[in-house]
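Me: Please show me the structure we are to discuss. I would like to ask about it one point at a time.

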Amino acid sequence: MHDVPVHHHAPPTSFLRKHVFSLDHKVIGKQYYGLALIAVFVGMILSWLMRIHLGWTNLAIPGLQLLSKSGAPGGIITPEYYLQLMTMHATIMVFFVLTTAPFAAFGNYFLPIQVGAEDMPFPHFNMMSFWVTFIGFVVLMSSFFVGDGPTLGGWTQYAPLSAVGAVSGPGQGTGVVLWATAIAIFCIGQLLGSLNFITTTLDMRTRGMSMWRLPFSAWAWFITSIMGLTAFAVLMPACILLILDHVAGTSFFVPGNLVINGQIQPHSGGSTLLWQHLFWFFGHPEVYIAIVPGMGIVSHVLTPNLRRPLLSHRVMVYSMGALAVLSYMVYGHHMFVSGMNPVSSLVFSFPTLVITIPSTIVVLIWMGSLYGAKLRINSPSLFALGFISMFITGGISGFFLAQPSIDIMLHATYFVVGHFHLVMGVAAMFGIFAGTYFWFPKMFGRMMNETLGKIHFWLSFVGAYCIFMPFHYLGIAGNVRRYPAFTDDYLQPLIPLHRFITVAAVLTGIAQFIFLYNLVHSRFWGKPAPENPWEATSLEWSTPSSPPPFDNFGGKLPTVYHDPHQYGVEGASADYVMQTSPEQIKSGHDEA
Amino acid sequence: MAKLFAVTILLIAIGSAIPILRHTWDAPPDISTHGTLIDEQMSDTMVEAGISFLVSQILLAFFIWKFSSSRPSDKIKTFPGGAKTIVWAAFLLVGTEVLALGVFGVKAWANVYLTPPSANALPIQVQAEQFAFYFRYPGPDGTFGPVHPEMINGATENFFGIDQTNDADSKDDIVTAEMAIPVNREIHLLMHAKDVGHSFFVPELRVQQDFVPGLDLSVHFTATRIGRYEIVCTQLCGLGHYNMKAYLSVLSAQNYDDWLKKQAALQ
Amino acid sequence: MATTVHEPPRAGREDDSPPRPSGNGGGRNLIPASGDLRAVKRYSPPPAFTGIWVVLASITMTFLAFTSALVVRQGSGSDWRHLTLPRVLYLNTLVLFASSIALEIGRRQVRAFFKGVKDRAANPARWLSIALFLGLLFVAGQVAAWLQLRSRGLYLATGPNSSFFYVLTAAHAVHVLGGLGGLARVIRKLKQSTLRKSTLDATAHYWHFMDGLWVYLLWLLWMKL
């Protein structure tokens with residue numbers, strides 16, 4: 001063994017340094033996970049309120065008037081409060097759950113371990129990254145309690161609705177400023193995080209850990225951090241310009257001669273499409289920031305449960321890379337009917353259609369790897385397979401939306417809502433669940449309850465389809481999204497379907513409390529985890545203990561001898577070979 | 001457990017396809033001349049997407065069913081052809097499939113957006129505001145008077161801010177809250193946003209176009225069936241977004257002229 | 001089916017080479033102010049070296065976003081009124097360049113220490129302090145430029161041109177202030193003999209990048225405003 005002793009700062013002893021302002025990437029990873037957990041339940045409860053309102057518009061939700069007297073008088077949600085809840089649901093979910101959980105939380109915890117490092121290279125930045133993100137969350141949540149509540153402009157915050165101030169509606173005053181401030185702060189946090197992720201991957205790899213020996217999850221985080229670096233660096237200036245339009249009276253996004261609420265607005269010459277371009281240049285890569293870590297986690301979780309490596313390591317990595325690159329070229333498909341030049345709609349539609357090719361390759365590699373495997377069914381593998389099913393369904397509805405001509409019918413309908421909820425909501429969430437069940441034993445030294453995990457899976461899988469598949473039908477029938485009530489004649493026949501979705505959403509939401517219970521209960525009273533419960537090969541299973549010690553590898557950095565995911569190796573002493581095992585093996589699986 | 005999972009996926013896949021096959025929820029019938037191409041594109045895509053969806057879900061279910069019961073002594077088999085076949089298959093099958101869709105779709109799109117309106121198309125101006133649509137007909141002179149934003153006044157029903165005393169072109173302009181168009185005549189709809197972003201969506205007409213403040217856009221279309229349809233807003237515009245709508249009446253040429261005369265008398 | 005035997009780990013040419021340092025940069029490439037050297041050879045790029053390029057890439061993205069906003073905004077409205085740039089900007093440019101030169105002189109002296117050349121006359125800390133002072137002078141000069149614009153009645157919201165002038169120069173100034181913070185930290189560490197070569201190099205890269213960025217912005221402002 002070439003293990004070399006390393007010197008590291010002594011572990012902190014004070015409570016603050018250990019658990020609050022910790023520099024340890026593992027603690028920061030858990031903090032991110034905790035933040036995402038709070039955020040996801042807040043977001044889910046908001047979605048309940050929305051769904052209940054959509055199914056039974058005049059139903060009073062007892063106690064809701066305590067949260068907002070004007071927004072829910074007597075517990076009945078007003079149309080503007082519905083839009084405010086919707087905006088907050090989307091913002092919380094996209095930024096503080098789908099970005100933080102699979103990327104920032106798991107990435108922070110496991111990327112340094114998977115490359116064989118003791119920590120990230122800039123632990124202070126890492127700590128700042130979390131606390132800045134946390135402040136962003138607090139600022140966002142504070143908008144529930146100020147003035148006339150949070151913004152109602154939707155998570156896309158199209159100008160000029162978002163840029164002219166309180167005159168355009170409730171929550172459009174302080175609410176928008178808080179929203180844009182929170183997102184700008186969030187961007188800073190994620191930029192600091194991406195900086196650490198990229199340098200960790202490039203510079204902190206241990207001896208023998210070449211780039212191609214990084215497991216899928218590490219690759220996914222690396223690719224995601226590059227996307228994050230460019231995407232958030234664009235969203236931040238956009239938010240700054242939005243805030244200036246709002247509070248300083250500049251006219252970046254607001255054209256002249258607007259008459260709102262009977263008043264001519266003191267702006268001139270701004271471009272409303274500019275906001276859309278800047279926003280979607282961030283917005284589309286953001287979709288992949290949410291889903292690529294999920295792909296990495298699913299590949300990482302599947303391989304030990306298939307007892308074989310994926311068909312090709314490189315093709316998988318190249319496909320994820322291709323998704324990342326293409327994601328910058330397709331953002332215009334959000335703007336087909338926005339008044340953008342109709343020729344550019346066609347130009348944007350082709351890369352959008354082409355992006356199905358790497359997505360298909362990813363799915364087919366998983367399916368091809370399933371062929372002839374020795375599949376083990378457990379909570380992580382169930383969620384990973386569920387991810388594949390959801391990703392296929394959500395991805396295929398993208399065929400429709402990639403085409404500008406069909407978008408004339410489907411733009412801004414529930415079809416779009418169904419599409420992105422399946423592909424970046426549910427699928428990404430299944431990735432998070434797979435990662436949680438898989439890595440929990442490493443993070444806390446205890447196993448999660450399998451029975452509860454499986455119950456959670458069944459309810460979530462069937463529930464998610466019951467909620468989001470009908471969204472597509474609603475969209476085909478022309479049901480416009482972002483409506484707090486359905487007053488149009490042609491929407492009346494669709495209300496029973498909305499009620500069905502509401503019931504499914506409430507039940508599926510309740511099932512998530514099983515997960516929460518499982519998480520909390522297993523944390524303290526779970527079965528102690530064996531050293532390597534899934535018989536997996538990557539470096540996180542080579543640490544001396546679960547959870548790993550402060551410096552991850554107990555004073556010695558590991559040496560890596562093999563590709564990750566060496567399962568079912570012929571002629572080896574076991575059916576899998578750890579990356580750290582010096583055993584010479586003949587490999588039949590995609591060595592380079 | 002795995003077999004149950006496989007069956008569940010199968011049931012979900014088939015269950016999802018049934019409403020589509022039975023057309024339980026369908027787009028309202030098309031009443032436009034350009035909509036046929038869009039509908040064809042839609043159904044072509046539905047066939048391709050449906051087949052892809054069913055095949056891949058069924059395959060996934062089948063693999064889960066088959067390979068979860070392997071014994072520890074079983075040897076790992078590799079998918080025939082390995083990753084190379086898969087990459088080729090993806091490029092060839094999906095690549096040609098989506099490219100075909102894309103190329104055919106160009107025609108449907110170009111039909112709406114890349115062909116100019118004909119010279120004798122009937123110009124109608126629509127203005128979107130929180131939370132209503134207003135329509136302006138140019139009157140006998142065929143031209144619209146200029147808009148004076150400072151003169152917009154909801155109380156005096158001067159929704160467009162037109163100056164009928166000083167602008168000659170405005171004198172005969174007819175402003176309505178409901179849109180009526182003659183059947184089988186091309187309409188050139190000039191779109192103007194008064195305050196924030198809105199959208200003009202008539203599902204039956206296969207038309208959806210955003211209003212962009214500061215940028216006056218236009219669409220053109222021909223309706224082929226007499227009837228009364230709803231115009232709805234699809235771009236989030238504030239608290240009354242859901243209630244922002246107007247009616248579109250497609251009338252026979254005779255009825256349209258009568259309607260216009262009646263409206264002119266009301267001005 | 002390829003049959004390959006796994007390569008032994010690739011850990012560098014020599015077997016006894018230390019593994020890549022990790023964890024807080026490793027503390028292996030400290031540069032003492034006295035010139036007494038403990039140079040570390042066979043050192044993989046320290047994270048600060050990679051990190052600084054990552055930071056610069058993200059700053060580039062941010063300013064590209066601002067640039068495209070400017071170009072789109074110029075085309076969208078008819079209210080684009082040209083403004084004459086305050087003359088002090090050109091002086092500021094020279095000050096910023098001078099600051100970079102001072103930093104570079106200081107860095108060369110530190111590098112000479114690192115190579116084992118002892119030069120009693122060299123005082124890198126003084127040169128770095130000069131660089132710091134000139135940087136502050138630059139920011140003061142930018143403030144002077146803003147005041148000049150104000151005195152001409154051009155405020156942030158006056159027109160798109162003045163908006164972009166303030167936004168772009170302020171965004172740049174914030175980044176310069178960040179660089180000054182880094183420079184102050186470098187000077188403190190140099191005095192405490194805990195300065196790492198990689199930290200100094202990264203700070204220098206960042207500082208020179210600020211020059212380049214400023215020249216680009218000045219060109220953009222001059223061309224477009």
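Reply: A polar contact is a pair of N or O atoms within 3.5 Å; within protein, one of them must be able to donate a hydrogen and the other to accept it. Keep in mind that this is a predicted model.

Me: How many residue pairs are in polar contact between domain 1 of chain B and domain 2 of chain B?
Reply: The two parts are domain 1, covering 2-69 + 79-113, and domain 2, covering 122-266. Counting pairs with both residues at pLDDT 80 or more, the number between these domains is 11.

Me: Which residues form the salt bridge between B:D39 and its partner, and what is the distance between the closest N and O atoms?
Reply: Between domain 1 and domain 2 of chain B the count is 1 salt bridge. B:D39 pairs with B:R206, and their closest N and O atoms are apart by 2.7 Å.

Me: What area do domain 1 of chain B and domain 2 of chain B bury between them?
Reply: The contact involves 14 residues of domain 1 of chain B and 16 residues of domain 2 of chain B. Of the area buried, 52% is on carbon and sulfur atoms. On the domain 1 side, B:P28, B:I31 and B:Y113 supply 48% of what is buried against domain 2, more than any other three residues. The area for the two domains is about 1,200 Å².

Me: What is the area buried between chain A and chain B?
Reply: The size of an interface is often given as the accessible area lost when the parts come together. Here the contact takes 95 residues from chain A and 96 residues from chain B. Carbon and sulfur atoms give 75% of the buried area, and the total is about 8,500 Å².

Me: Which residues of chain A lose the most area to chain B?
Reply: Three residues are named, and together they account for 8% of what the chain A side buries. They are A:Y371, A:I408 and A:M409.

Me: Which side chains meet in a salt bridge at 3.6 Å, N to O?
Reply: The count between chain A and chain B is 1 salt bridge. One partner is in chain A and the other in chain B: A:D488 and B:K245.

Me: Which element gives the largest share of the side of chain A that touches chain B?
Reply: Across this interface there are 22 residue pairs in polar contact, both residues being at pLDDT 80 or more. Several elements of chain A supply at least two residues each to this side, including α4 (79-115), α8 (272-306) and α12 (379-401). The largest share is 10 residues, and it comes from α12(A).

How values were computed:
Residues are numbered from 1 along each chain as its sequence is written. Chains are lettered from A and ligands numbered from 1 in the order in which they are written. This is a predicted model: local features need pLDDT of at least 70, side-chain atom pairs count only at pLDDT 80 or more; totals for chains, interfaces and linings use all residues. Side-chain values use heavy atoms; hydrogens and water are left out. Domain bounds come from an automatic or database domain assignment. Contact means heavy atoms within 4.5 Å. Buried area is the accessible area (1.4 Å probe) that two parts lose on being put together, summed over both. A salt bridge is a side-chain nitrogen of Lys or Arg within 4 Å of a carboxyl oxygen of Asp or Glu. A polar contact is a pair of N or O atoms within 3.5 Å; within protein, one must be able to donate a hydrogen and the other to accept it, and residues adjacent in sequence count only if both atoms are side-chain atoms. Helices (H or I, at least four residues) and strands (E, at least two) are DSSP runs, numbered from the N terminus.
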